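Please open the structure in your viewer and keep the selection panel at hand.

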Amino acid sequence: MHLHGLIFRHARRLSWLFTLTLAFQTLAGTTETPEAATNIFECSATPTPDSQIDKLVFAELARLKIQPALCSDAVFVRRAYLDVIGTLPTAKEAREFIQSQDPNKRRALIDRLLERDEFADYWAMKWGDVLRIKAEFPVNLWPNAAQAYHRWVRAAIAENKPYDQFVREMLTASGSNFRVGQVNFYRAIQNRTPEGIASAVALTFMGARADTWPTNRLADMAAFFSQIGYKPTSEWKEEHVFWDPLGFSTVAGNSAPGRAAVTAIGQASNTVAQPAIPVRTNSLRQETTFPDGKKITLPPDQDPREVFADWLIDPKNPWFSRSAVNRSWAWLVGRGIVHEPDNIRQGNPASNPALLIHLDNEFIAGRYDLKRLYRQILNSKTYQLSSMPRNNTLEAATQFASYPLRRLDAEVLIDAINKVTGSSDLYTSPIPEPFTYIPEDKPAIAIADGSITSPFLALFGRSARATGMANERNNRPVPAQWLHLLNSSHIQRKLERGPKLAALIDSGRKQSEIIEELYLTILSRFPTPEEVKIAATYGAPSAANKERPKRREDWVDISWALINSTEFLYRH
């Protein structure tokens, strides 16, 4: 195509995108006119507080004189799929849900999504950020270990392992990093000093940043992690993590069960043999204090990690279950009751303390069943509120007056584009290992190792998995991302050559049917009559402005505009 043609086509595309954006804003209404007629993004029914969650939230909204509104079925089906399994619904799934007359269809959808295979993939991705599952810099787990770690995490999520058991198995784990996946919790920490490990445990399982603690509290907690040993074996890059009360792993040349390298086996050595029980090289504290102030004398015949784990998962613990429900709420609702979810401290109170206590009590009563917790949150009217704010104040946001707009995670976004077009992406790693080969049909949310990436994932703020902090994942849009979506050959190729999109465009169906299918596929909703009219006249001669058979590039342009719309790029 000549330069003049390219410029003209791009101008038409931008004009169509601008029209679509105006249509989205008009349909959504504005914050100044919340009483406007119900639109396609909201439900006309007035929400009633059925659950205790809703009673506690709606009481705060009443205090602020905010009347919330429920999202429409079209919004809910898209939101639920993205929040529960990180995947867009198909056009068929969206159509069937929207047209269903079952009054309990939202509850039934939640139950189905929680049992889908993608649920384990998506939530393993989320936990992969928290647990720093990454083969290379800065933690250097090594690919075999990263894969073993991810397999264990995903399997625990798939079987809905109770959260207290999930955490205890990690904290007390011993064994090979290649064969006992959960021991990699200790290997994925950059600072392996007792203080460094204690800080990571506090962040991950207590939602606390130890750098804000008094010095003595961190030092006391570090005592529980002062007897961890790391030993290489004769297998390349394999390492054993174990309870090491006598300091075996600190004796030079001591390698169990083999040598540091296979080639060293059977060779003569001038190294003086170590005694069967070497002199203790690490100092042991007999007495220490739990983070809640309770003193403890460490038993000499028990791994201190077990002592700490038993204290941590006790229902009376002030941090454990509360941090778990706060993180789960933040993942689903978009903002923690304590914000940020890994910054629980005295000077950062909960926005709704009664809500946090209620969820905490329910989580404990449910024996730390995470799916049960998710189901309670997802079925609440609070989760199902409209994303169109009635009040733009910070206080309204902290009291969950509306569902917050959030750009899709990098992995979720590229999977959505690939699902719409039927295309795939190439994911690679600088490490020459078999695990770096990713099948074409593997979605980005299912990638185990944070070192395996793509330019798109890097550009769109995928977590570096270096610290385990929530703010490592950056979903704030930047100009380079807009340029990539608007003008890159990467996205253009998907739109022009993607087999799924091509099959729809070339299906020979009626123009109105193709428009409807595009909207259901990309935006998970039916188009409005006005949108059908705008799409039908796109590409028609401007003078007559009449419908005519569309060229393939017209359909590609419409798809391009829908994919670049705020409605597609954001959770809402």
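A residue counts as buried when its relative accessible area is under 20%, as exposed when it is over 50%, and as partly exposed in between, with a 1.4 Å probe and protein chains only. The model is predicted, so that local features need pLDDT of at least 70 and side-chain atom pairs count only at pLDDT 80 or more, while totals for chains, interfaces and linings use all residues. Residues are numbered from 1 along each chain as its sequence is written, and side-chain values use heavy atoms, with hydrogens and water left out.

**Stop 1: the whole chain**

Select the entire chain. Of its 572 residues, 55% count as buried. The chain contains 25 helices and seven strands; these are DSSP runs (helices H or I, at least four residues; strands E, at least two), numbered from the N terminus. The accessible surface comes to about 25,200 Å², and carbon and sulfur atoms hold 56% of it; such areas come from the Shrake-Rupley method with a 1.4 Å probe, and for residues only the protein chains shown count as cover. Among contacts (heavy atoms within 4.5 Å) with a separation of 6 or more, 70% are between residues 24 or more positions apart.

**Stop 2: two residues with positive phi**

Most residues other than glycine have a negative phi, and most peptide bonds are trans. Select lysine 65, in the loop between α2 (52-63) and α3 (73-85). Its phi is near 60°, a positive value in a residue other than glycine. Is lysine 65 buried or exposed? Lysine 65 counts as exposed because its relative accessibility is 78%.

Next, select arginine 465, in the loop between α18 and α19. Phi of arginine 465 is also positive, near 55°. Arginine 465 has a relative accessible area of 1% and is therefore buried.

**Stop 3: two cis peptide bonds**

Select phenylalanine 137 and proline 138, which are joined by a cis peptide bond with omega of about 5°. Proline 138 is in the loop between α6 and α7 (143-158). Then select histidine 339 and glutamate 340, where another cis peptide bond has omega of about 0°. Glutamate 340 belongs to the loop between α13 and α14 (353-365).

**Stop 4: the largest pocket**

Rolling a probe the size of a water molecule over the atoms shows where empty space is left. On a 1 Å grid over the protein atoms alone, a cavity is a set of points where a 1.4 Å probe fits but cannot get out, and a pocket is an open set with protein on both sides within 12 Å along at least five of seven lines; lining residues have an atom within 4 Å of a point. Grid points are joined across faces, edges and corners, and a volume is the space filled by probe spheres set on the points.

The largest pocket has a volume of about 1,200 Å³. Select Gly334, Arg335, His339, Arg406 and Asn475, the closest to its centre of the 44 residues that line it. Two or more lining residues come from each of α6 (117-131), α13 (320-333), α16 (394-398), β6 (406-407) and β7 (570-571). Which element gives the most to this lining? The answer is α6, with five residues. The lining divides into 18 nonpolar, 13 polar and 13 charged residues (nonpolar: Ala, Val, Leu, Ile, Met, Phe, Trp, Tyr, Cys and Pro; charged: Asp, Glu, Lys and Arg; polar: the others, Gly among them).

**Stop 5: the second largest pocket**

The second largest pocket holds about 450 Å³ of space. Select Pro103, Arg106, Asn379, Lys381 and Gln384, which are the closest to its centre among 18 lining residues. Helix α5 (residues 105-114) gives the most to this lining, with three residues.

**Stop 6: the largest cavity**

The whole structure has five cavities of 30 Å³ or more, and the largest cavity contains about 120 Å³ of space. Select some of its lining residues, including Phe119, Trp123, Trp127 and Tyr374. By class, the lining has nine nonpolar, one polar and two charged residues.

**Stop 7: helix α19**

Select helix α19 (residues 479-487), whose buried residues are Gln481, His484 and Leu485. Seen down the axis of α19, these residues fall within an arc of 90°, so they line one face of the helix; the arc is that of the directions from the helix axis to the C-beta atoms. On the other side of α19, Pro479, Leu483 and Asn487 are exposed.
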